[in-house]
Amino acid sequence: MPRYDYRLVEVFTAERFGGNPLAVFPRAEELYPELMQRFAAELNLSEATFVMPSTRRDCDYRVRIFTPRSEIPMAGHPTIGTAFVLGHGDRVVFEEGVGPILVERATSPAGAPIWRMTQPRPRFGASVEKRPAVAAALGLDASQLDAKLPICTVATGLPFLMIPLRDLEALAQARLQFERWKSLGLQAENVLPFPFVQVAPARFRCRMFAPEEGIAEDPATGSAAGPLGAYLVAHGVVPAGAPARLECEQGVEMGRPSRLYVEVDGTPSDLAGVRVGGECISMGGGYFEL
């Protein structure tokens, strides 16, 4: 009977039962995509990754990423967690749906060992002017939005709608109203909501909802934290640097606190690069028999 092993790891945390859990299948070359999807649905985590030989000479491994409902081209915590599980030297290049993704060992501002990924160059969409409708889609009033900042889409992989809120109370109250969210007309682009609040000059708390992917709320979203960093530098909230640095907290409202470290290269008008990193901790593993 074939056996398919996986490792379980918490990503963007050093604490067990915190961060964002991930299942990594390190030897998935014999699995076909339909079975990968069924494994991801059975585990019912935000994502699971499947590692196989790369089809490109400039990459070390091919990594396919599945939510409980679909395959996605790139994501932060699956990339970071897979690098941690494989432990491939000080750097590894993954072949993902968006192309090669570099992941490197690094250290956090506190000196803790982390893995850090370089994301594709950020892409900005137009601002969304229907601010009351956006607020209502989160179960909030328009007065709870931060009026000083725009609501707009930013992407380094999947697109996220950056929604600045006034305070932590508004963030805690946020509940995605799915029918109202669909009425905004963003579904065709698969845009996901990413409300956030500034809690210190370079520290932010965030939340992310993705019910259509089977994720009521995500404890940590690296593929949104990178775009958030780009957004904040582009709009002057975080000063440009060499690089600009900020921290994102997520999962607090879920009881799974996460911390993501973000670096942004370039100027507000020319953002050259985005990197996202975090700690990981092993939780064990398991296997499927078929």
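Guide: In this predicted model, the buried residues of helix H1 are covered by elements that include strands E1 (3-11), E2 (20-25), E3 (47-53), E4 (61-66), E5 (71-72) and E17 (280-289). The helix itself spans residues 33-43, and its buried residues are Leu35, Met36, Gln37, Phe39 and Ala40. After H1 comes asparagine 44, which has a positive phi, near 60°.

Two of the covering strands, E1 and E17, are antiparallel partners joined by nine bridges; within this pairing, tyrosine 6 has glycine 286 of E17 as its bridge partner.

The largest of them comprises 53 residues, and Val103, Phe196, Leu228, Tyr231 and Leu232 have the most contacts inside it. Helix H6 (residues 222-234) is the greatest contributor to this core, supplying seven residues. Because domain 1 (3-119 + 281-289) and domain 2 (123-278) both contribute residues, the core lies between them. Valine 103, when neighbours within four places in sequence are set aside, is in contact with Thr79, Ile80, Ala83, Asp90, Arg91, Val92, Phe94, Trp115, Arg116 and Met117. Another core, of 21 residues, lies apart from the largest one and has Leu145, Leu176, Leu184 and Val197 among its members.

Methods. Residues are numbered from 1 along each chain as its sequence is written. This is a predicted model: local features need pLDDT of at least 70, side-chain atom pairs count only at pLDDT 80 or more; totals for chains, interfaces and linings use all residues. Side-chain values use heavy atoms; hydrogens and water are left out. Buried means under 20% relative accessible area, exposed over 50%, partly exposed in between (1.4 Å probe, protein chains only). Helices (H or I, at least four residues) and strands (E, at least two) are DSSP runs, numbered from the N terminus. Contact means heavy atoms within 4.5 Å. Two strands pair if DSSP finds at least two bridges between them. A nonpolar core is a set of buried Ala, Val, Leu, Ile, Met, Phe, Trp, Tyr and Cys residues joined through side-chain atoms within 4.5 Å. Domain bounds come from an automatic or database domain assignment.
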